[in-house]
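Please read the text alongside the sequence and the model.

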Amino acid sequence: MERTFSIIKPDAVKKHGIGKVLARIEEGGLRVVAGRYLRLTRAQAEAFYAVHEARPFFGDLCTFMTSGPVFVSVLEGENAVTRYREILGATDPAKAGPGSVRKDFGTDVEKNAAHGSDAPETAAQEIAFFFAGTDLA
């Protein structure tokens, strides 16, 4: 079993998409082992996305991620990182496949409905950013 991290972003939350995205996660063979609804502070967004700090979109990304509530969760299953990225679809919703989360709930590359870890090592860091080990079911 592998774990990965998910953020349902403010755009999808605003579209009442939390339940729909979670249903797709479960239908895709992954299990939610921790989750919570929260609103990121600017400091949290900047720390979480620090890897992108030198990129031109960093400021806009942090502004967007603090624009409304998000749902963060830990997902578990076989090949969870790869599986969740398949469920999400391409980063650009215009290039995402039919039935993918980003195709159905995303607007553009920034407002693309959800974040998923890109590797098991990244997943471990992102999970630890939001959850203590005792939070995981």
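## Terms and basis

A residue is called buried under 20% relative accessible area, exposed over 50%, and partly exposed in between, with a 1.4 Å probe and protein chains only. At 51% relative accessibility, Glu 26 therefore counts as exposed. Glu 26 belongs to helix H2; helices (H or I, at least four residues) and strands (E, at least two) are DSSP runs, numbered from the N terminus.

The model is predicted: local features need pLDDT of at least 70, side-chain atom pairs count only at pLDDT 80 or more, and totals for chains, interfaces and linings use all residues. Residues are numbered from 1 along each chain as its sequence is written, and side-chain values use heavy atoms, with hydrogens and water left out.

## Nonpolar core

In soluble globular proteins, nonpolar side chains tend to be buried together. A nonpolar core is here a set of buried Ala, Val, Leu, Ile, Met, Phe, Trp, Tyr and Cys residues joined through side-chain atoms within 4.5 Å. The largest such core has 20 residues, and those with the most contacts inside it are Phe 5, Ile 7, Met 65, Val 72, Phe 130 and Phe 131. At least two residues of this core come from each of E1, strand E2 (31–38), H3, helix H4 (58–65), strand E3 (70–77) and H7. H4 supplies the largest share, five residues.

## Aromatic pairs

A pair of aromatic rings is described by the distance of the centres and the angle of the planes. Rings of Phe, Tyr and Trp (its six-membered ring) pair if their centres lie within 6.5 Å; planes under 30 degrees apart count as stacked, over 60 as edge-to-face and the rest as tilted. The whole structure has six aromatic pairs. One of them, Phe 5 with Phe 130, is stacked, at 5.3 Å centre to centre and 5° between the planes. This pair joins distant parts of the chain, as Phe 5 is in strand E1 (residues 2–8) and Phe 130 is in helix H7, 125 residues apart. Both Phe 5 and Phe 130 are buried.

Phe 48 and Tyr 49 form an edge-to-face pair, at 4.9 Å centre to centre and 85° between the planes. Phe 48 has a relative accessible area of 12% and is buried; Tyr 49 is buried as well, at 6%. Ring pairs link Phe 5, Phe 48, Tyr 49, Phe 129 and Phe 130 into a cluster. A charge sits over a ring if NZ of Lys or CZ of Arg is within 6 Å of the ring centre and within 35 degrees of the ring normal. Arg 36 lies in this way over the face of Phe 131, 5.5 Å from the ring centre.

## Largest pocket

On a 1 Å grid over the protein atoms alone, a pocket is an open set of points where a 1.4 Å probe fits, with protein on both sides within 12 Å along at least five of seven lines; lining residues have an atom within 4 Å of a point. Grid points are joined across faces, edges and corners, and a volume is the space filled by probe spheres set on the points. The largest pocket holds about 570 Å³ of space. It is lined by 22 residues, of which Tyr 49, His 52, Phe 57, Leu 61 and His 115 are the closest to its centre.

Helix H3 (42–48), strand E4 (114–116) and helix H7 (120–130) each give at least two residues to the lining of the largest pocket. E4 contributes the most, with three.

## Backbone and separations

Most residues other than glycine have a negative phi. His 16, in the loop between helix H1 (10–14) and helix H2 (18–27), has a positive phi near 60°. His 16 is exposed, with a relative accessible area of 68%. Ala 113, in the loop between helix H6 (101–105) and E4, also has a positive phi, near 80°. Ala 113 is buried at 0% relative accessibility.

His 16 and Phe 105 are 89 residues apart in sequence and 9.8 Å apart in space, C-alpha to C-alpha. For Glu 26 and Ile 87, the separations are 61 residues and 10 Å, C-alpha to C-alpha.
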